[in-house]
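Work through the exercises below with the sequence and the model open. Each task is followed by a solution in steps.

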Amino acid sequence: MIIDDVTYDLIIVGTGAGGGTLARKLAATGKKILVLERGGFLAKESSELVDLEVFSKEGYHAPERWYDKAGESFHPQTSYSVGGNTKIYSGVLQRMRERDFERVTHQLGTSPEWPLKYADFAPYYTEAEILYNVHGRKGDDPTEPPHDREFPSPALTHESSIEEIADRFSKQGLHPAYLPIGLGSQGRTDSEDTGITPAVDLGNVTLKTGAKVIALRTNPTGTAVKGVEAEINGQTCLFMGDLIVVACGAVNSAALLLRSANDRHPHGLANSSEGVGRNLMKQLMTVIVQVNNASNSGTFQRTLYLNDFYWGDDTFPYPMGHIESAGGLLQDVIFSESPPLLSIASKLMPKFGLRQLATHSLAWWLQTEDLPNPDNRVRVGETKLSIDYEPNNIEAHDRLLYRFQELLKNLDPGSSGPFRGLHPYGAAPLAVVAHQCGTCRFGEDPKTSVLDLNCRTHDIDNLYVVDSSFFPSSSATSPALTVIANALRVGDHLIDRWG
Ligand SMILES: Cc1cc2nc3c(=O)[nH]c(=O)nc-3n(C[C@H](O)[C@H](O)[C@H](O)COP(=O)(O)OP(=O)(O)OC[C@H]3O[C@@H](n4cnc5c(N)ncnc54)[C@H](O)[C@@H]3O)c2cc1C
């Protein structure tokens, strides 16, 4: 084993929305920070996907297989790279709603209250929106929480067919709104360009890529993590740090803590509550394709969302979820995962090729909150990583789908043409772990939570988890802005801790 002779003030494992943002926030302290990332650098275009490459899946998967409850293996759609999943995300950076932080009654269960509220996150949401240069417009969506200032940049304009649909939604008394999108001079803002690169430029932050962390080593009494063990170029290396932040994403952070079990922590580090890996959530997601006569470029940004059913409606008084335009079909990675929607359409339209269909189609994402269930969990073997996951809250999601299908039937632009009424849809399979969260929930009670309110583990004073693991509930809002805002919040705590 190679033992690094430096002792760092802080070691961060992972460079995604959580780890990358935290590195940026703390770099200015001048502390000696080591960042370990298992992946390498991706070409810039990877977050600005274009063209039919979107349908060639493998580039957007982790180079490993995970296992489902039945023992079947699958390729998870997750990016191991500098910037993590923000390198392949869609750049939608949206705040959770005020009520999402409260206890919410769903048709078949309850979404738990967060120990901190919207007001606690609001200043960090603002800081996050400035850092990631979010484009948006306040005031169109009644579910929108209070903002103390305008978005840093104006909303992106809709593509013409989306604009037409927005007008028609408005005429029906709905509230189409502009999706908040993080965008910089080189495309979508991500945790490499916005987080890691400026942090490393300051000189006190060292980034090691291709460094897969395999275990955290504690002192003999198990009260502190002393060493971080990583595989680099086939060799095992040990790094020492005073504070350790795990930011590998909800699935991999839980797996790392579980795999670091020792005599003092036989069920895994920070796992006295037995909560590590449990309550994994990933939201219920369905994509609907709206085939129509008008052509489009197939490569435009997502810009529109509809939250009119977010908290339910007159006939279903329970949360249903969020709907957003998916942008151009040639630009959306998650399409590669959905059941072959376009192939369904192409059977109906044999003369059309994939490109023609994609440029004659609009697509929509539907997201519904899934509820925390301790049996939905990450489990690890020596080398194997298993995801036990049974979706729940399914009826709420189905109802959202029916509501939206009804809307689309009345809306198809060019509705008299041959494509009228074609709305193939498909639910995202297990491999779509894009919105993974939970697994190390934060809370005040060490018996029922893994992390305290500062995302420090209850069990080990110098160990933190700063990524989407801390979520007690998933909400139906895309998670990245909350992960980023939380990293900034924990950053303030660490600055205070250092004095
Ligand atoms: C295709 C796609 C589209 C998405 N679109 C959106 C969107 O529009 N809006 C939104 O809000 N969210 C979106 N998401 C989700 C969003 O990207 C995540 O919520 C966010 O990136 C989570 O941040 P994180 O820090 O928890 O983890 P990640 O961003 O996944 O970062 C984890 C990092 O840890 C590294 N790592 C893992 N294990 C180890 C290890 N053992 N050793 C060293 N390094 C390790 C990984 O390589 C990665 O860099 C999308 C996700 C995907 C996949």
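A crossing of two helices is called left-handed if the near helix is turned anticlockwise from the far one by less than a right angle, and right-handed if clockwise. The model is predicted: local features need pLDDT of at least 70, side-chain atom pairs count only at pLDDT 80 or more, and totals for chains, interfaces and linings use all residues. Residues are numbered from 1 along each chain as its sequence is written. Helices (H or I, at least four residues) and strands (E, at least two) are DSSP runs, numbered from the N terminus.

**Exercise 1. Helix H1 and helix H4**

Task: State the angle at which H1 and H4 cross, the hand of the crossing and the residues that meet.

Solution. 
Step 1. Axes are lines fitted to C-alpha atoms, for helices over the stretch in contact, and angles run from 0 to 180 degrees between N-to-C directions. The axes of H1 and H4 (residues 192-201) come within 8 Å, with a crossing angle of roughly 45°.
Step 2. Angles under 35 degrees count as roughly parallel, over 145 as roughly antiparallel, 65 to 115 as roughly perpendicular and the rest as oblique. H1 is therefore oblique to H4.
Step 3. H1 and H4 cross in the left-handed sense.
Step 4. Two residues are in contact if their C-beta atoms, placed from the backbone, lie within 7 Å. On the H1 side these are Gly-20, Thr-21, Ala-23, Arg-24 and Ala-27, and they meet Glu-192, Thr-194, Gly-195, Ile-196, Pro-198 and Ala-199 of H4.
Step 5. Ala, Val, Leu, Ile, Met, Phe, Trp, Tyr, Cys and Pro count as nonpolar, Asp, Glu, Lys and Arg as charged, and the others, Gly among them, as polar. The contact of H1 with H4 thus comprises five nonpolar, four polar and two charged residues.

**Exercise 2. Two partners of helix H9**

Task: Describe how H9 crosses H1 and how H9 crosses H2.

Solution. 
Step 1. The H1 and H9 axes come within 8 Å and cross at roughly 40°, and the crossing is right-handed.
Step 2. H1 contributes Ala-17, Gly-18, Thr-21, Leu-22, Lys-25 and Leu-26, while the residues from H9 include Ala-480, Val-483, Ile-484 and Ala-487.
Step 3. By class, the contact of H1 with H9 has ten nonpolar, three polar and one charged.
Step 4. The axes of H2 (residues 118-131) and H9 come within 8 Å and cross at roughly 105°; H2 and H9 are therefore roughly perpendicular to each other.
Step 5. Phe-121, Tyr-124, Tyr-125, Glu-127 and Ala-128 of H2 touch Leu-481, Ile-484, Ala-485, Leu-488 and Arg-489 of H9. This contact of H2 with H9 has eight nonpolar, no polar and two charged residues.

**Exercise 3. The ligand shell**

Task: How many residues surround the ligand, and which helices and strand supply at least two residues each?

Solution. 
Step 1. A residue is near a molecule if its C-beta atom, placed from the backbone, lies within 6 Å of it.
Step 2. The ligand is surrounded by 41 residues, of which Gly-14, Gly-16, Gly-84, Asp-467 and Ala-480 are the closest.
Step 3. At least two residues of the shell come from each of H1 (17-27), strand S13 (211-218), H5 (250-259) and H9 (480-498).
Step 4. The shell divides into 18 nonpolar, 19 polar and four charged residues.
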